[in-house]
Amino acid sequence: MQVSPTDGAVVCCGIYGVFDHTGIWVDGQIIELKGNGLVRAVSPSRFLANRSGERIFVLCDAAGNAIENQRAASIALSKVFTYSEYDVLKNNCHRFCWQCISNERERVTAFTQLNQLLATHYQTRLRWHPIGGRKLSDRQWHKVAVCGLHFFQWQVKCLNYWFV
């Protein structure tokens with residue numbers, strides 16, 4: 001079974017094997033906070049342009065279904081063509097995504113922190129599956145090293161959260 005994003009889903013790709021970039025999927029586009037502070041809607045191919053990743057991953061629940069969030073989609077759409085002073089630690093793409101989902105202005109500095117917040121928010125184990133790709137089995141999760149997203153064993157635990 002293949003994974004397809006739904007409106008309001010969080011998506012991510014790798015940046016040169018060092019960082020991760022996130023955005024919100026809406027109507028076949030990805031709304032992102034660009035490094036110059038512009039919030040814009042881009043195509044999936046543009047989202048990957050000038051980055052090392054060849055695939056986009058979508059946030060899924062434990063069953064491998066993309067997590068839909070219409071409120072996040074609406075908030076993200078309302079921010080298109082606005083500016084926000086970008087700061088790699090204080091105001092980045094992860095914070096933008098979290099604000100769209102939670103409507104909170106909490107500082108989010110890293111991809112792992114975003115994952116922790118998302119797992120708590122959605123109260124489920126989270127998984128990142130490649131868009132258009134097959135859902136990964138539990139066994140495959142121990143071998144994940146794809147798309148420039150370099151998830152080592154300890155990081156896989158960060159992507160398989162379970163909070164009660």
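Tutor: Buried here means under 20% relative accessible area, exposed over 50%, partly exposed in between, with a 1.4 Å probe and protein chains only. This is a predicted model, where local features need pLDDT of at least 70, side-chain atom pairs count only at pLDDT 80 or more, and totals for chains, interfaces and linings use all residues. Residues are numbered from 1 along each chain as its sequence is written, and side-chain values use heavy atoms, leaving out hydrogens and water.

Student: What share of the chain is buried?

Tutor: Buried residues are 51% of the 164 in the chain.

Student: How many helices and strands?

Tutor: Six helices and six strands, taken as DSSP runs numbered from the N terminus (helices H or I, at least four residues; strands E, at least two).

Student: In what order do the strands sit in the sheet?

Tutor: The open sheet runs E4-E3-E2-E1-E5-E6, with antiparallel pairing; two strands pair if DSSP finds at least two bridges between them. E4 (39-42) and E6 (127-130) stand at the edges with a single partner strand each, so one side of each has no neighbour in the sheet.

Student: And E2 with E3, how many bridges?

Tutor: Three, between E2 (residues 19-26) and E3 (residues 29-33). Trp 25 stands opposite Ile 30 in E3.

Student: Switching to H4. Which residues are buried there?

Tutor: Phe 111, Leu 114, Asn 115, Leu 117, Leu 118, Ala 119 and Tyr 122.

Student: What comes just after H4?

Tutor: Gln 123, with a positive phi of about 55°.
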